[in-house]
Structure formats: structure tokens, C-alpha cells
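Visitor: Please take a close look at one part of this model for me. I would like to know how that part is packed, and then how the rest is arranged around it.

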Amino acid sequence: MNQQADNYVAIYSDGACSGNPGVGGFGVVLLHNRKRLELSKGFRKTTNNRMELMAVIQGLSCLKKRCHVTVYTDSQYIVNSITMGWAKKWQANGWKRNSKERALNSDLWQELLSLCEEHDVEFKWIKGHHGNKENEVCDRLATQAASGTDLDIDSVYEASNQ
């Protein structure tokens, strides 16, 4: 991807969860030209994978026009599910991983796949807690959001896990 293009955006994302499931949060950093946007949100009960997914979704949802995007994440769950075609396969199979197991987080996968159709998105895995400046910022944002007092409700997770 042409990282110098006017419509290029780099998105760094991370999720955090204290307990799994437990209190969680996500952090996102968007970089476009010389502009920077940091986002975060905390949830009272969720999972780490849901926070990882919500972070990417939140980042992509901020884009107002079609963009070339590189998503940097330390979540192999996300990178592998997209780059190896697993998420699209689950979708084609009615959100089933196989004949017996349902795909988890189908609400978020559906939203992410839809957003990926709106943009030219490349996913890159980066090793977490290994000195990548933006990944460290995302981790801090996610952890702070999870430890905040104004926690949101992950209604889909809570409704399906009563």
C-alpha cells in the first residue's frame, strides 16, 4: 500500500481484559498524514477477543471515505481469521466453525467484514509488549479504559452469557 497517499491510514489497535471474561477495554490509534486520533472505551463484562475486535471496528468506523488502511494488531485471532479466510468461511456457513461449533463473536465479525468491504484493508500482526510505540499506547489506552468508572455494557456478550 502506498503509505504516502492522501487516503492512507494506519490503525493500531489493542484489547485488554481483566479476567477473561471480565472487565475489558480497547485502545486505538489512527494515523493519517500528520493527524493522530486516540480512542478508547471500557466495558463491565466482556472477553479479550471481543475487545480486540471492537478496537479494529472502532478504528475503521472513524473513516469517512474509502481509504487504504493497514491495521496493526497483536491479535493473531484477528489477523489469522481475516488473512486465512476463516471469518468469511464462518459467515458463509451461517456462523458455524464446523458442523458442531458456532463461531464466537459473529456479531463483531459481521461488522468487521462489512467495514473491510468499504476500504482496502491489510492486516499486519505485531508482537505485543515488544516496544512498538503505538501498540504500547493502545495497550495503555485499553487498560486505562477497562479500569475506568464509566464502563459501557457489551450487550451482545452479556445477553448471550447470562
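**Helix packing and its surroundings**

Guide: Helices α2 and α4 are therefore oblique to each other (under 35 degrees counts as roughly parallel, over 145 as roughly antiparallel, 65 to 115 as roughly perpendicular, the rest as oblique). Their axes come within 12 Å and cross at roughly 60° (axes are lines fitted to C-alpha atoms, for helices over the stretch in contact; angles run from 0 to 180 degrees between N-to-C directions). Helices (H or I, at least four residues) and strands (E, at least two) are DSSP runs numbered from the N terminus. From α2, the contact uses Tyr 77, Ile 78, Ser 81 and Ile 82. From α4, it uses Trp 109, Leu 112 and Leu 113. Contact means heavy atoms within 4.5 Å.

This is a predicted model, where local features need pLDDT of at least 70, side-chain atom pairs count only at pLDDT 80 or more, and totals for chains, interfaces and linings use all residues. Residues are numbered from 1 along each chain as its sequence is written, and side-chain values use heavy atoms, with hydrogens and water left out.

Stay with α2, residues 76-83, and take Val 79 within it. Val 79 counts as buried because its relative accessibility is 9% (buried is under 20% relative accessible area, exposed over 50%, partly exposed in between, with a 1.4 Å probe and protein chains only). Set aside neighbours within four places in sequence, and Val 79 is in contact with Thr 73, Met 84, Phe 123, Lys 124 and Trp 125. Phe 123 is 44 residues away along the chain, yet its C-alpha atom and that of Val 79 are separated by 5.9 Å.

Now turn to the other end of the story, α4 and what else it meets. Helix α1 (residues 48-61) and helix α4 (residues 106-118) have axes that come within 10 Å and cross at roughly 30°. That angle makes α1 roughly parallel to α4. On the α1 side, the contact is made by Arg 50, Leu 53, Met 54, Val 56, Ile 57, Leu 60 and Ser 61. On the α4 side, Asp 107, Leu 108, Trp 109, Glu 111, Leu 112, Leu 115 and Cys 116 take part.

Asn 105 has a positive phi of about 65°, although it is not a glycine. Most residues other than glycine have a negative phi, and most peptide bonds are trans. With a relative accessible area of 12%, Asn 105 is buried.

Next, the sheet. Five strands form an open sheet in the order β3-β2-β1-β4-β5, with mixed pairing. The edges belong to β3 and β5 (120-125); each has a single partner strand, so one side of each is left without a neighbour in the sheet. From one strand to the next, the twist averages 20°. Two strands pair if DSSP finds at least two bridges between them.

Strand β4 (residues 68-73) pairs with β5 in the parallel sense over 6 bridges.

Tyr 12 stands opposite Val 29 in β2. These two strands form a hairpin with 3 residues between them, and Gly 19 in the turn has a positive phi of about 90°. Pro 21 lies in the loop between β1 and β2. The peptide bond from Asn 20 to Pro 21 is cis, with omega near 10°.

Strand β2 (residues 22-32) is mostly covered, with 8 of its 11 residues buried. Gly 22 stands opposite Thr 46 in β3. The β2-β3 hairpin has 2 residues between its strands. Asn 33 lies in that loop, and its phi near 50° is positive in a residue other than glycine. At 51% relative accessible area, Asn 33 is exposed.

Last, Asp 154. It sits in the loop between α5 (133-146) and α6 (155-160). Asp 154 counts as buried because its relative accessibility is 3%. Beyond residues up to four places away in sequence, Asp 154 touches Phe 43, Lys 45, Thr 46, Arg 50, Met 51 and Met 54.
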